[in-house]
Amino acid sequence: MALEITRLLATYGEGMVLHGVSLSAEKGRVTALVGRNGAGKTTALKALMGLVDTPGGQIELDGRRLEGLPAYERARAGIGYVPQGREIFPQLTVRENLELGMEANPEVRAIPESLFETFPILREFLDRKGGDLSGGQQQQLAIARALVARPRVLVLDEPTEGIQPSVVSEIGRVLTRLKQDVAVLLVEQYLEFALDIADDVYVIEKGEIVQHGDPDSLDQEALKQAMAL
């Protein structure tokens, strides 16, 4: 399983935000896209999901071209998306949130038992409203909702945002396990977390990739400058 993004452009209104971004994510690896606020990280994920205009470039999932498809078709093609801020449905129960995630894959007719092995707390809270969960529990629900449709790529935007350290560590362990089954593409500003779990790191600055490599091979001085506010 492989996701390939090639020379991707993205715009907001009149302004060009991404200037030819290329990156790949493969099964068996956690791929991290890091950079300071405003560098283009979230825009890159929204461009991948068809949520912003992309006047140029290619997006391929296992050889299938996705650019031009609406967001729901990209989800059905096998991209599970966990947006920044989680965006669970607070008035729906945990069970109902998970059942909505099943809509991306008609072949999934029941919530997989494996989800509760990965996130045991969700079984306990199946009938609790999503809005009543803690921030960390909501993040687990958001990841589980993306996984319920059995995606080929799991895409996460700032999964550690607003989460207590113990849950951050657990999310890191979960993502490290999940990469055996899906390609994981992670946007993250918490650099220590990203470098700890990533096999492959792309550094973005002003809408362009300025560094790429495994965590140990990166130019640390250039990385600090790229992450500085």
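Me: How far apart are the mean positions of the positive and negative charges of the protein chain?
Reply: In this predicted model, the mean positions of the 24 positive and 34 negative charges of the protein chain lie 3 Å apart.

Me: What fraction of the residues is buried?
Reply: Of the 229 residues in the protein chain, 51% are buried, taking buried to be under 20% relative accessible area.

Me: Why does the radius of gyration agree with a compact globule?
Reply: Because a compact globule of 229 residues would have a radius of gyration near 17 Å, and the protein chain has 17 Å, the two agree. The C-alpha trace spans about 45 × 35 × 30 Å along its principal axes.

Me: Switching to secondary structure, how many helices and strands are there?
Reply: The protein chain has nine helices and ten strands, and four of the strands form an open sheet in the order 2-1-4-5, with antiparallel pairing.

Me: Which strands are at the edges of that sheet?
Reply: Strand 2 (15-26) and strand 5 (64-65) are the edge strands, each of them pairing on one side only.

Me: How many bridges join strand 1 to strand 4?
Reply: Four bridges join strand 1, residues 2-12, to strand 4, residues 58-61, and these strands run antiparallel.

Me: Which residue in strand 4 stands opposite Thr-6?
Reply: Gln-58 is the residue in strand 4 that stands opposite Thr-6.

Terms used
Residues are numbered from 1 along each chain as its sequence is written. This is a predicted model: local features need pLDDT of at least 70, side-chain atom pairs count only at pLDDT 80 or more; totals for chains, interfaces and linings use all residues. Side-chain values use heavy atoms; hydrogens and water are left out. Helices (H or I, at least four residues) and strands (E, at least two) are DSSP runs, numbered from the N terminus. The radius of gyration is taken over C-alpha atoms; the globule rule is 2.2 Å times the number of residues to the power 0.38. Buried means under 20% relative accessible area, exposed over 50%, partly exposed in between (1.4 Å probe, protein chains only). Lys and Arg count as positive and Asp and Glu as negative; His and the chain ends are not counted. The place of a charge is taken as NZ of Lys, CZ of Arg, CG of Asp or CD of Glu. Two strands pair if DSSP finds at least two bridges between them.
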